[in-house]
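Take the model below and follow its packing step by step.

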Amino acid sequence: MAADFDRIKEEIRRRTDLADLVGQRVSLKKTGRGFTGLCPFHDDRNPSFNVNPTLGIYKCWSCGATGDAFKWVMETQRVDFMDAMRILGKAAGVEIPQFTGKQDSDEPEQMEAAMADALAFFRDQLRSDTHAQEYLRLRGIDKETADAWEIGYGPPAGEALALTLKKKGHNLPLCQQLFLVDRDQSGGYYDRFRGRLMFPIRDERGRLVAFGGRVTGQGQPKYINSSDTPLYSKSRVLYGMNRAKEAIAKAGQAVLVEGYLDVIACHRAGVGQAVASLGTALADDHVRLLKRWCSQVVVLYDADEAGQKAADRASLLLAEGGLSVKVALAPAGEDPDTLLKQKGAAAVVAAVEQGVSPMDFRMGRLNAKLDPESDAYWKEVVEILATAETPLELQKHLIPVAAKYPGIRDRQAAAKALERMVAKARNDRKRKDNPRQAKIQAEEDVEPVAVEEQLKPGDLAGPEKVVFLSLFAPALVAEAWKFACHAPLMKTALGTRVARSLEGLGAAAPRDDRWPHQIQDAAIRTLLFDLAMQSGEPIELPILEEAVDRLSRDLEARTAQLEAEAALTAGAADDEALRNINDRLRRLKGGKSPQNSS
């Protein structure tokens, strides 16, 4: 299984032109053996980003970003390795098998086809239903917006979609798993979504995975969303993420709202970073998804009590996940959708920009609902202050709050007492088990992350560099390989380590010019890439021969020293080791003894 995986990975690597792949996002200019451009990973003003399609690697000499085609897709599309492999495999025409678990190879395609036909059905129904069109008009959604967001309509007829899917040859039990249809007591199938405006739900990669339906009349429930299916997990998908991810990455900020129409309203108002959770409260997986794309989230929920509670919970969860948070409530009685219709795009943008810290938000809520004369106020204010993320944030609120404490005129004394209460609350919280944090740690920190070892080409001896660089010259690789793989020939500890890593690839020179990717030692692999990317003119045979002679002479000197030491100690084992070294050296030099000239 591992061999198949490695074979497929290398086949994808072989078929992928890194310059073409990177060139889809970065303007590249041909320079020598590679390409250069502005680095996409930092604010690069002078081209410091280099791509070597022969080696299949990129590197920025300014910020240090480096990797291959798989790393590029992982970094630019925020996916894990397997998803990157699937994306590149699809582009390269390489089929990726299921490496774990059981799978019906046709089933995923059948599911995707059923979902696509359901979307086409809903879209056709909207175009022919004047009631649904009128509803959209009243909501301020024009045809262009409906088309852009692929909005459709599920007709009131009980089995219109089920009949359409059956006519198209889809397996209805499979469609039931996808939450498109359900089964009645008689064994017949009927539509899940009836009399509802339909919103297709796509994951961050744009795959159609679910639907959400909003009733167009007075019925209940107002919304019906797909339950978890083989294609969809509601705790891992954010509505609008496929459209918002680039804007989120560019701004470093996401805007979290409550529903489909709110997301669409924000995008229409120019807030292209808006996304929403679907039929469920924000979950840990949502936070991890957002963290892959940004460092800050603005929570823009309704201003009613339910919206405020949800915003408070979301802000806690986002902060636990390591994200900076702002809370921006819509004006009373409004949400982003109604705000856009009533006051225009500027009002939506202003609501986002006027977000406050979670602490300011919580204190505002507390002051609005409780009187400082009540015991409940002080119990809750201590809990709120204990959530302060920094000492400065705590001090910002401590004195103003202490000034409200009944019966104490000395603000400083009250602040000190309040600070002790906050410290106690924090200690009590630390002593309690935190199931959420334990869950996050279990999922995200299964093992400690090792600091990547940094090896520098400058730590190699000059002749060693020449030998290793010769491996990247097609005309010299066969000649250079037998020297590069001989550890005793190397002068430095680093050169010896490189040679031993190369020995692991076999005695014969590889035919594939992307052999460095097969080196197991990641630090050595990076070192060789750096060395190759830094090189100027290609190495020629006389330069390689001179480098080998210099290393041979140095080895002779070390051998002579060992022989002298062996003679003094009369160590037979040492004599045998020296003979082995000399024999190997003569073989390396084509049967000749090393030169004695200095």
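This is a predicted model: local features need pLDDT of at least 70, side-chain atom pairs count only at pLDDT 80 or more; totals for chains, interfaces and linings use all residues.

Residues are numbered from 1 along each chain as its sequence is written, and side-chain values use heavy atoms, with hydrogens and water left out.

Begin with the aromatic rings. A pair of aromatic rings is described by the distance of the centres and the angle of the planes. Rings of Phe, Tyr and Trp (its six-membered ring) pair if their centres lie within 6.5 Å; planes under 30 degrees apart count as stacked, over 60 as edge-to-face and the rest as tilted. This rule gives 17 aromatic pairs. One of them joins Phe49 and Tyr58: the ring centres are 5.5 Å apart and the planes stand at 35 degrees, so the pair is tilted. Phe49 is buried, at 0% relative accessibility. Tyr58 is buried as well, at 1%. Here buried means under 20% relative accessible area, exposed over 50%, and partly exposed in between (1.4 Å probe, protein chains only).

Now look at Tyr239 and Tyr260. Their ring centres lie 4.8 Å apart with planes at 90 degrees, so this pair is edge-to-face. Tyr239 sits in the loop between β11 (223-225) and α10 (241-251), and Tyr260 in helix α11 (residues 260-268), so the pair ties together parts that are 21 residues apart in sequence. Helices (H or I, at least four residues) and strands (E, at least two) are DSSP runs, numbered from the N terminus. Both Tyr239 and Tyr260 are buried. Elsewhere, ring pairs link Phe121, Phe122, Phe179, Phe193 and Phe211 into a cluster.

Rings also meet charges. A charge sits over a ring if NZ of Lys or CZ of Arg is within 6 Å of the ring centre and within 35 degrees of the ring normal. Lys30 lies over the face of Phe35, 5.3 Å from the ring centre. Arg243 takes such a place over Trp149, at 4.2 Å.

Turn to the helices. Which residues of α21 are buried? They are Pro463, Glu464, Val466, Val467, Phe468, Leu469 and Ser470. Helix α21 (residues 462-470) is therefore mostly covered, with seven of its nine residues buried.

Helix α18 (residues 391-402) packs with helix α17 (residues 375-385) at about 160 degrees, with the axes 11 Å apart. Axes are lines fitted to C-alpha atoms, for helices over the stretch in contact, and angles run from 0 to 180 degrees between N-to-C directions. That makes α17 roughly antiparallel to α18 (under 35 degrees is roughly parallel, over 145 roughly antiparallel, 65 to 115 roughly perpendicular, the rest oblique). Trp378, Val381 and Leu385 of α17 make the contact with Leu394, His397, Leu398 and Val401 of α18. Contact means heavy atoms within 4.5 Å.

Helix α16 (residues 358-369) also packs with α18, at about 20 degrees and with axes 10 Å apart. That makes α16 roughly parallel to α18. Met359, Asp360 and Met363 in α16 meet Glu393, Lys396, His397 and Val401 in α18.

Finish at Gly188. Gly188 is in the loop between β7 (181-183) and β8 (189-191). Its relative accessible area is 24%, so Gly188 is partly exposed. Gly188 touches Asp182 and Arg183, leaving aside residues up to four places away in sequence. Ala162 is 26 residues from Gly188 in sequence and 9.5 Å away in space, C-alpha to C-alpha.
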